[in-house]
Amino acid sequence: MIIAFEILASLTLMAWLYLWIFHGGFWRADQLLPPARPSPSIKSKVVAVIPARNEADVISKAISSVLSQDYPGLISVILVDDHSTDGTAEIAAQCARTHPHGAHLRIIKSKPLPSDWVGKMWAVNTGVHDAIRTDPDYLWLTDADIIHQPHVLGTLVKKAETHRMALVSLMVMLHCQGLWERLLIPAFVFFFQKLYPFPWINNPKSVISGAAGGCMLVRRTALEKAGGIEALQKEIIDDCALGRRLKQHGPIWLGLTRDSLSIRPYEGIGDIWKMVARSAFTQLRYSTVLLIGTLLGLGILYLAPPFLILSLPWHGQLLVAGLGALAWGIMMFIYRPTLRLYQQPFWCAVFLPLAGALYALMTLDSARQYWCGKGGQWKGRAQAQTSSS
């Protein structure tokens, strides 16, 4: 039994040492895009596409922030109303009537959802097809619950033009004020960076790719070469799938920002649970083997360190407890930059094992929902799913 504790202690410490030293420096949270306005000579034409389904409470602020971009080139906005029942389109239209640049907004309605499409992707596809008729240089894909500072679009375009990017994407600041948000949202961002190390994504020589769907500036020609939105029709994790396809046609870049913010709060743990459970099993390609491996990995990373310490009276091995404490210390240290990004105190890092345990349960529930035929829901609709063999 003592040998088992020693093996577990060694595994968890080696895992955190690897993540700290060799995993692309993901934990530094230093892939930031400084505010920058493109030269007045840059006249790239941009069309923003915003899918919206029952977003009446946030759509006005989101639309206003996009219409208010301080951008020297041409920008227009397409809102795709995806069969909203709460007056989303009407509120957006009222916002446009009172906004100085409201004439740049067009509202179109999504056609009925085909059975082999994910709902959000169908709405995005509708907007992109309409946008392409105006021959834009870039498509700005953003969400109906996100507000952007006026310089965001100009910063994205400057980055794309300077480095001939196929995709420039920002992971927006998620709402983080309530108790459960403070516990789980910075941890979610930390886990995302660990799963998709931003420095590796941003290295053209690396095969690692990814993106964040809340804010993506896409070069139109690259999207066409990648097969368009049609190539993503069944993708639940559509942003990372898009990043993977676009990296085959040019450099991509993914970073963090404080200048684009999700304004939709998570109403307790239930909303966060739904967000994660919607796509966690999809990320594992619906594989039971990968699910078991992921749960074991989460256990070794996040549960083993406190377990090894708290079980000291049982196993009586100071070395084992010490290795667990060292692993927990590394965990807290490399979590600190993400906590700083979200303006949370360092002591919150002590609760990362609890967040890891909850995310493990969410992942398991994601598999349960899939097996019950309820997985991949977006705005109350079960999405098209495909199992991997």
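Q: Hi! Which residues lie nearest the centre of the largest cavity?
A: Hi! In this predicted model, those are M121, V124, L141, M216 and D238, among the 15 residues that line the largest cavity.

Q: And which elements give two or more residues to that lining?
A: They are β1 (46–52), α4 (119–132), β4 (138–142) and α9 (238–246).

Q: What about the lining by class: how many nonpolar, polar and charged residues?
A: The lining of the largest cavity has 9 nonpolar residues, along with 2 polar and 4 charged ones.

Q: How much space lies in there?
A: About 90 Å³. A search of the whole structure turns up 4 cavities of 30 Å³ or more.

Q: OK, switching to helix α3. Which of its residues are buried?
A: Within α3 (residues 88–98), the buried ones are T88, A89, A92, C95 and A96.

Q: Why are they on the same side of α3?
A: Because they cover an arc of only 120° around the axis. As background, an α-helix has 3.6 residues a turn, so residues three or four places apart point the same way.

Q: What do those buried residues pack against?
A: The buried residues of α3 pack against β1, α2 (59–67), β2 (75–81) and β3 (105–109). On the face turned away from the buried side, α3 carries E90, R97 and T98, which are exposed.

Q: Last topic: in the largest nonpolar core, which residues touch the most other members?
A: W16, W140 and F190 do, out of 126 residues in that core. Helix α13 (residues 318–341) gives the most to this core, with 11 residues.

Q: And what is W16 in contact with, leaving aside its neighbours within four places in sequence?
A: W16 contacts F190, L301, Y302, P305, A327, I330, M331 and I334.

How values were computed:
Residues numbered from 1 in each chain as written. Predicted model: local features only at pLDDT ≥ 70, side-chain atom pairs only at ≥ 80, totals over all residues. Heavy atoms only, no water. 1 Å grid on protein atoms, 1.4 Å probe; cavity = no way out; pocket = protein on both sides within 12 Å on 5 of 7 lines; lining within 4 Å. Points joined across faces, edges and corners; volume = space filled by probe spheres on them. Helix = DSSP H or I, 4+ residues; strand = E, 2+ residues; numbered from the N terminus. Nonpolar A, V, L, I, M, F, W, Y, C, P; charged D, E, K, R; others polar. Buried < 20%, exposed > 50% of the residue type's maximum accessible area, 1.4 Å probe, protein only. Arc of directions from axis to C-beta. Contact = heavy atoms within 4.5 Å. Core = buried A, V, L, I, M, F, W, Y, C linked by side-chain atoms within 4.5 Å.
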